[in-house]
Each structure stands twice: as C-alpha cells, then as structure tokens.
Amino acid sequence: MSMINYASREINCKLVYYGPGLGGKTTNLEHIYGKVSPNTRGKMISLATETERTLFFDFLPVDLGTIRGFKTRFHLYTVPGQVYYNASRKLILKGVDGIVFVADSQIERMEANVESMQNLYDNMAEYGYDLTKIPFVIQYNKRDLPNAAPIKDLQAALNPGWPIEDGAQQKVTPDPAHPGENLIEKAGGEWVGRAAYHEAVAVRGDGVFDTLKAVSKLVLKTLS
Amino acid sequence: MAGAASWSFSENDFKQIQAHLQAYLRDCNARCALLVDRNGQLVATVGEMPQFDPTAFASLTAADFSANDQLAKMIGEPEFASLVHQGERESMYLADVAKRVILVVLFDRRATLGLVKIKAKGVVENLNKVFEEMFNRVGAGPTQKKGLLEGAEDEIDKLFG
C-alpha cells in the first residue's frame, strides 16, 4: 500500500525480501546499507536473535530519487526465513507494494526454497493479495557456490509461470535482463507469465542493486 | 484485489490532523504525537520534534502494534485498541485510529497517564472522522494516485538507468 504524502511530497512504498532461512535476505539489505550514501538512506534496524538470525524483521529506508517533484522513498523489509516464525513473517507482508524472493541456489536448499515460495503464496492469499499481479522479482542468490543448481532447474521449481488470461496482456514480452528469454510467452498453446529473475552473490554485492532496481521500477510503474 | 489498497491525503487533511493533535497535546501536556500508518510509514509529527530517527521509530511502532494485535487474538480479544509502554522518565501511549493508523503519544513526568488516556478518546474520535472521510472520498484510492506518475514511464526508466 504505497502512501503519497502531498504535504511533504513523498511517495512511500514497502518492499519485502522473502525467502528461506540463511538465503541472504539480510545480506542484501546490509549491502544496500553499506553502498548507499548516508544522505539517501536511514538507519538500518535489525530485530535479530543473539546469533544474528532475523527474529522479526530488518528494516532499511532508502530514497531512490525524485520523480515529478516527489521523493521516492522505499522501505525495505526482510522477514525471518525460519519456518516457525510464520506469524511474524505474515505481519511484515501487510501492505506490501513489491516482493523480492531471495532463493538459495544450493541444490540442498531446493526443498526449502519451494516450501518458502509456497508459504509466500499462502500468506499473500490470506491478505487477499495476488502475487501474480503485484511487482514480484526473484533473486537466485549464492551463484558463486560450486553446489549451485542450474538456473533452468531453479526456474522450473520456483518460477514455472502462471496462466495469462487477460487478452490485453497476451503478447510476447521479452525479459530485459535476459536476452532471448521472455516474461510473457505462449507455451504449449497457453499464454504464461513469469516473474523477472536476477542472479546474485549478495555477500559480494553482485546483483543486489539489479534486483532492487527491478522491483522498485515495477512498483513505480504501477503508479503510472 | 491485486495488491494492497492505497490512500493519499491532501494538504487540508494534513492541517486538520495537525490541529486536532496540537489541541490534544495542549490538553494533556504530552510532548509529542506521531501518526504512523499500520504499514510503518510516518504520516505526521506534532509537538516537540523527537531526537530519534522517526522513520525507524514508525516501522517499529507498526510492528509492535501488529504483534500485539495477534497476541490479543490469541487470548480471545478482537484487538488491543491501545497500548502503554511506561518508562521511568519517558513513556508512550499508542491507540488505534480508523483501523489503519496508529496514534503514538510521547510524554514525560509533566503529564499523567490518566489524562493522556482520557483526552486521547476525544482526539481519536476526531481523527477517526478525518481518516474515514479521507478513505471514503472518491478518488482517495488507487485511481487518484494512478494519475500522479501517469506518463512518467520515461522518467522512471531514467531514474533506474
């Protein structure tokens, strides 16, 4: 639920980084915090356990620039990835404008990724939000690890696509980040849409800003 | 519903909110009143400017309120419409406004919790009216906002290089 404050000329939007435990959600925010000028970001708040596992959320406000005289302020949240923190995870999704799903590319974490993705769909549905209709980007993190699964396997498991029933949207839409691939295409006689994805190594910062830019742009475009 | 409902408020709404909160602060001698939406965004601050980071404060307030809402449900209450956090010198009182916004009142020893609570009833009623009118107003939802960045696709593209 983006909020426009005409008095202070600000557009405030809420982005949530979702995904399985230890997948790199907090690392994404830490990298953004470290790289963005202190003038354009606020304080990072982490509600974590003593072992630095996210307990409730991490929070980082970032200004991404000015459009039509309005400051675009994005509030970045992570959720606790561990399965048993679902009650807290659901609270953070309330009023979300855009989602980044941070998947752990390691083959061993495939099941945890799928479970977390299912949990995301379920929690969104409980609020009445439709994940296929709001800005949603997937980040395949830890691409540098030797046990990283191939992108096509991750895509097949986590981003198989959803049917596009609206005739106006049924047109081949290339994926700007991956030449030769499409976000919307006809497959087996049916039109399917997929979430945009980005590869990342969040500990080095690779792909972190590409992901943030992609989801923020989608959010602002919903206002245009 | 594709996504969460959105809302926006005009300068006039903002002035009304400020006037109600200023009167409330005068009546109960509290230091500062903040309005935070349930998603953690700061809507307004009236009274002494707080010394802390208000954005972080707002996100924690919303999380605090939401967590307590769930605790209420667990013990069989529909909600906790207000919360008190009492410190040795500084305290805060939180109250629900129109189910969408949280009023946070910061007060010290110059004010009493009783007065802060009693006077809050009136200001919450007044704010409820302002917010309900705002939400009911035609165009207060996504349609009005759509126009805000309409045709700004190029500018958005430029912003993200």
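1. Two residues are in contact if their C-beta atoms, placed from the backbone, lie within 7 Å. By that test, 37 residues of chain A and 38 residues of chain B make up the contact.

2. This is a predicted model, in which local features need pLDDT of at least 70 and side-chain atom pairs count only at pLDDT 80 or more, while totals for chains, interfaces and linings use all residues. Residues are numbered from 1 along each chain as its sequence is written, and chains are lettered from A and ligands numbered from 1 in the order in which they are written.

3. On the side of chain B that touches chain A, two or more residues each come from β1 (7-9), α1 (11-28), α2 (54-74), α4 (142-148) and α5 (153-159) of chain B. Helices (H or I, at least four residues) and strands (E, at least two) are DSSP runs, numbered from the N terminus. The largest share, eight residues, belongs to α2(B).

4. Chain B has an open sheet of five strands, ordered β3-β2-β6-β5-β4, with antiparallel pairing. Two strands pair if DSSP finds at least two bridges between them. β3 (42-47) and β4 (82-86) of chain B are at the edges with a single partner strand each, so one side of each has no neighbour in the sheet.

5. β2 (residues 32-37) of chain B pairs with β3(B) over five bridges, in the antiparallel sense. B:Gly47 in β3(B) is the bridge partner of B:Cys32.
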